[in-house]
Amino acid sequence: MKKELQLEPMKNWSPSATRPLIISGPCSAETEQQMVTTAKQIAATGKAHVLRAGIWKPRTRPGQFEGMGEEGLKWLIQAKQETGLPVATEVANAAHVEACLKAGVDILWVGARSTVNPFSVQEIADALKGVDVPVLVKNPVNPDLELWIGALERINKAGITKLAAIHRGFSSFEKGPFRNAPMWDMAIELKTRIPELDIICDPSHICGTRELIPFIAQKALDLDMAGLMIESHIHPDAAWSDAKQQVTPSSLSKIIEGLVVRKPSAEDKNVKDALSLFREQIDQLDDEIMQKLAARMKISEKIGQFKKDNQVTILQVNRWEEIIHTRVALGLAMGLSEEFSREMLKLVHQESIQVQTRIMNKADVKV
Ligand code: PEP
Ligand code: MN
């Protein structure tokens, strides 16, 4: 039989009296000046409750900046002392846990690349035995809910009850608009399986680019997530890691100000809950439809280039008739009206012709 997680409600240990809990700071501690100045600017906004910084960085390829190690840890603690904010960092092995506990780090998190590996998670869990520190567990890089829950269980079995999950998206071979596809249904499924477990969203690692962060942060709050982890840096473009997705402390402040924190109304709660569950499914599907349409247009671009290179016309009536015929029949078989399928396909086809026309008529830069 599966044992339930033994959890202390996050509201009892959260450094914030209200939801959402905001965790912010640079992807990595780079220099004393960068760490302390960023921290002071974040503290001055009054919008964040916890300061983050990566000290040991798990990088995909060797030879990239791999974190400052224990020297960086000193700067993180200095930032804590100078701002009064509690601090959090990623741990990936027992030595990291020991160094953090000795230095006085307030919250630890397990990174996505460690959550995938039960050996690493077990090593971290063993190092945490007998310690009372909050631990956040990021989702594994691949969309495997069991692996995520397994990591939470390992940490919990070591006696850590101040536990929450971080949703940071999932890597995928298919290149979409996000660095890590949010796959909201994974977070929703985790919440459904363990309702008392709070989830914090990390829009920075989902988005990969700063422009998309407000949209994802709002969506996370609308899915009732308990907090947000957003990377910020005094000079984001000059950051030694994850430059594109970091924001300045003042942008962070604007993002947080722009968020709508919705409260579930007391009356008609059952009706509202049921309705929002339907809407989450609709939102999820719409996201997927938009991503698929964008992917389809990217192929149209390639076709446009190919036709241009080979002197083929854009419109090929036979191909178009075949598309209409097969798709309308498929739609009918699945309960979609013929009229709806035709209208929708016509719009998609028109846009595809537009995309190809743009490519065909673009001045050829090749000499
Ligand atoms: C990070 O928070 O900087 C980080 C490395 O995140 P993730 O484990 O989600 O990739
Ligand atoms: Mn990062």
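Across the interface of domain 1 and domain 2 in this predicted model, one residue pair is found in polar contact, with both residues at pLDDT 80 or more. On the side of domain 1 that touches domain 2, the elements that contribute two or more residues are helix H8 (184-193) and helix H10 (213-222). Of these, H8 provides the largest share of that side, namely three residues. By residue class, the side of domain 1 that touches domain 2 comprises five nonpolar and four charged residues, with no polar ones.

Charged pairs also link the two parts, and the count between domain 1 and domain 2 is two salt bridges. A salt bridge is formed between Asp287 and Lys219, whose closest N and O atoms are 3.2 Å apart. The contact as a whole draws nine residues from domain 1 and six residues from domain 2. The area buried between domain 1 and domain 2 amounts to about 580 Å², and carbon and sulfur atoms account for 46% of this area.

The manganese ion (ligand 2) is coordinated by Cys27 through SG, by His205 through NE2, by Glu231 through OE and by Asp242 through OD, at distances of 2.0 to 2.4 Å. Along the sequence, the donor residues of this manganese ion follow the spacing C-x177-H-x25-E-x10-D. Because Cys27 lies in the loop between strand E1 (21-25) and helix H2 (32-45), while Asp242 lies in the loop between strand E8 (227-231) and helix H11 (249-258), the pair ties together parts that are 215 residues apart in sequence.

Two features of the backbone remain to be described. Most residues other than glycine have a negative phi, and most peptide bonds are trans. Against this background, a cis peptide bond joins Arg19 and Pro20, with omega at about -5°. Met183 is placed in the loop between strand E6 (163-167) and H8, the helix that gives three residues to the side of domain 1 touching domain 2.

Note on methods:
Residues numbered from 1 in each chain as written. Chains lettered and ligands numbered in written order. Predicted model: local features only at pLDDT ≥ 70, side-chain atom pairs only at ≥ 80, totals over all residues. Heavy atoms only, no water. Contact = heavy atoms within 4.5 Å. Buried area = accessible area lost by both parts, 1.4 Å probe. Salt bridge = Lys/Arg side-chain N within 4 Å of Asp/Glu carboxyl O. Polar contact = N/O pair within 3.5 Å; in protein donor to acceptor, adjacent residues only side chain to side chain. Helix = DSSP H or I, 4+ residues; strand = E, 2+ residues; numbered from the N terminus. Nonpolar A, V, L, I, M, F, W, Y, C, P; charged D, E, K, R; others polar. Donors = N, O, S within 2.8 Å, 3.2 Å for Na, K, Ca; no water.
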